Every structure is written in C-alpha cells, then in structure tokens.
Amino acid sequence: MKFKRYLLTAFALALALVYLIPLIWMTLASFQSEKDILASKWIPSKWFVENYKIILQRAKLRTWFVNSLISATGATVGILLVCIPAAYAVSRMEFPGRKILYLLSLTGFMIPTQAIAIPLYLLVRKFGLVNNLLGIIIPALPSSMAVFILSQFMKAIPLDYEEAARLDGASELDVMLKVILPMSLPAVVTVTVLHFTWTWNDFFWPLIVMTSDKMYTLPVGLVALAASDVNIRYGPIMAANVLASLPVIAVYIFLQRYLTRGVVLSLR
C-alpha cells in the first residue's frame with residue numbers, strides 16, 4: 001500500500017515538473033539579458049528588469065490585457081447565467097424529452113470549434129460583431145462542459161432538501177437559486193476557473209474575429225508582436241508572457257480548493 005502511495009506521489013511530482021519547468025524557465029528568462037538567454041543559462045548573471053520596462057512602453061499590452069479581461073470575465077459570467085438554469089432543468093426537473101435535451105446539450109463535446117469556424121464567423125460578421133468583444137463572448141455561451149459539470153453535481157444532491165423547500169412553499173426558481181445553487185458552489189467554481197482560463201488563453205477564435213490590433217486579446221497580441229517587431233527580443237517577450245500568465249495563476253491559487261472538490265464530485 002505504501003509502495004503504491006509512493007509511486008503515485010513520484011508520478012505526480014514528475015507530472016508537476018513537466019508543467020512547471022517551462023513556467024520556471026520563462027520567468028527566469030524574463031529577467032535575463034539576450035546574451036544569457038542565447039547562452040541557455042538558467043540563472044541570470046545579472047537580473048535584467050529592463051525587459052519589463054521595454055514591453056510595457058512599446059507594446060499595447062495594457063489594451064490587450066483589458067480586452068482579455070473583459071472577454072474572459074464576460075464569457076465566464078454569461079456561461080454561468082446560461083448554463084446553471086440549463087443544468088438545473090436537465091438534472092432536477094421532470095418533463096418529456098429531458099434526456100434527449102440533455103444529450104443535445106452535450107453535442108459540443110463532439111464538434112470542435114475549428115469545424116464550425118466558417119459558419120460561425122459568417123454569423124458573427126452578419127451581426128456586426130467582428131472587432132467587437134461580444135464576438136468572443138457570445139459564441140462561448142453555449143458550453144457543453146459547463147452543463148455537464150453542473151448537471152452531474154446537481155444530480156448528486158439528495159431530493160430531501162428540494163422536497164423540504166417545496167413544503168415551505170418555495171417555487172421552482174426559489175429551489176434553484178436558494179437550495180440547489182448554494183450547494184453546487186464547488187461545481188460553479190470549477191466552471192468559473194475552467195472557462196475563465198480557456199477564454200483567457202484562447203488564440204484561435206480571437207485571431208479570426210479580431211483584425212484590428214487595438215482589439216487583440218493577449219495571446220493574439222503577443223504572437224503578432226513576436227512576429228512583426230524585429231527589435232523585440234526574447235527577454236521582453238518572456239516578460240510579456242509572465243505578465244499574461246499572472247491572472248490565470250492568481251485565479252487557480254485562490255480557487256484551487258473549490259476546483260479540486262468540484263472536479264472530483266462532478267466525475268463520481
């Protein structure tokens with residue numbers, strides 16, 4: 001038993017290192033001169049904070065940061081507003097066609113964004129949402145993953161709580177908002193963290209709908225910056241990547257406890 005535990009711990013540590021080593025190298029490189037980076041040094045011979053000054057002065061980092069923050073926050077809030085009632089309906093309510101509706105809500109798992117990119121872009125352009133942050137937010141709202149996580153968690157909540165609320169005269173909306181939703185907080189946090197991270201890091205869709213550099217999100221802006229400006233070197237690019245990673249890391253650190261519980265209970 002102990003051997004199995006040690007083996008799992010060693011595997012977890014090895015997996016963590018695989019993810020952490022690039023992050024550590026990126027952070028150290030952001031404080032290195034070009035000479036140290038090209039020499040493949042890990043520890044800077046001299047801590048070089050000029051990289052951060054260069055990227056903040058020369059790039060439209062603040063504009064891209066605000067665009068990413070608005071699109072990620074807007075998409076996450078919208079997904080919760082749309083998917084919580086949907087998950088409640090397919091997991092707690094009884095009506096004809098409920099199972100079919102649940103299966104249809106999960107079809108997003110089988111259809112990648114790339115497969116519907118062209119018709120989706122034509123629809124977004126028809127509504128005038130190209131170079132508009134709503135062009136990122138609105139297509140993200142129907143999330144199969146959010147419905148799946150929330151509905152699986154809600155199914156595990158005993159019916160006794162719901163029946164007690166109904167005996168006290170609670171309506172369907174009261175049961176959802178005052179009984180089921182507070183008890184589903186770990187699943188809500190899981191959906192919040194996952195979708196905020198996915199939208200923040202998404203490169204493919206913002207690259208299609210944002211053609212003006214003033215409307216770029218951080219992933220698109222950083223790639224455009226690295227590809228177009230020959231005077232921007234590795235150090236400033238690494239500094240920009242560190243700054244871009246900070247909000248996601250902060251969200252994980254503050255919500256990690258709820259995230260773990262939500263994932264475990266949703267997949268039982």
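Because the model is predicted, local features need pLDDT of at least 70 and side-chain atom pairs count only at pLDDT 80 or more, whereas totals for chains, interfaces and linings use all residues. Residues are numbered from 1 along each chain as its sequence is written, and side-chain values use heavy atoms, with hydrogens and water left out.

**Overall fold**

The secondary structure of the chain comes to 14 helices and zero strands, where helices (H or I, at least four residues) and strands (E, at least two) are DSSP runs numbered from the N terminus. Along its principal axes, the C-alpha trace spans about 70 × 60 × 30 Å.

The unreviewed UniProt entry places the feature "transmembrane region" at residues 64-88, 100-121, 133-154, 175-198 and 234-255; such positions are given in the numbering used here, feature names are shortened, and annotations may be inferred rather than shown by experiment. In the model, residues 100-121 are 50% helix and 0% strand, with end C-alpha atoms 28 Å apart. Residues 133-154 are 82% helix and 0% strand, and there the end C-alpha atoms lie 32 Å apart.

**The α9 and α10 pair**

Helix α9 (residues 159-167) packs against helix α10 (residues 172-183) at an angle of about 145°, with the axes 10 Å apart; axes are lines fitted to C-alpha atoms, for helices over the stretch in contact, and angles run from 0 to 180 degrees between N-to-C directions. The crossing of α9 and α10 is right-handed, a crossing being left-handed if the near helix is turned anticlockwise from the far one by less than a right angle, and right-handed if clockwise. Tyr161, Glu162, Ala165 and Arg166 of α9 make the contact with Glu172, Val175, Val179 and Met183 of α10, contact meaning heavy atoms within 4.5 Å. These contact residues divide into five nonpolar, no polar and three charged, where Ala, Val, Leu, Ile, Met, Phe, Trp, Tyr, Cys and Pro count as nonpolar, Asp, Glu, Lys and Arg as charged, and the others, Gly among them, as polar.

**The two pockets**

A pocket is found on a 1 Å grid over the protein atoms alone, as an open set of points where a 1.4 Å probe fits, with protein on both sides within 12 Å along at least five of seven lines; lining residues have an atom within 4 Å of a point. Grid points are joined across faces, edges and corners, and a volume is the space filled by probe spheres set on the points.

| Pocket | Volume | Lining by class |
|---|---|---|
| Largest | about 870 Å³ | 19 nonpolar, eight polar, one charged residues |

The largest pocket is lined by 28 residues, of which Thr113, Pro139, Ala140, Pro142 and Ser143 lie nearest its centre. Its lining takes at least two residues from each of α6, α7, α8, α11 and α12, and the largest share, four residues, comes from α7.

For the second largest pocket, which has 19 lining residues, Leu23, Asn201, Ser245, Val248 and Ile249 are the closest to the centre. Helices α1, α11, α13 and α14 each supply at least two residues of this lining, with the largest share, seven residues, coming from α14.

**Two loop residues**

Leu141 is found in the loop between α7 and α8 and, leaving aside its neighbours within four places in sequence, is in contact with Ala75, Gly78, Ile79, Val82 and Cys83. Met215 sits in the loop between α12 and α13, and, with neighbours within four places in sequence again left aside, Met215 is in contact with Asn67, Asn131, Asn132, Leu133 and Met210.
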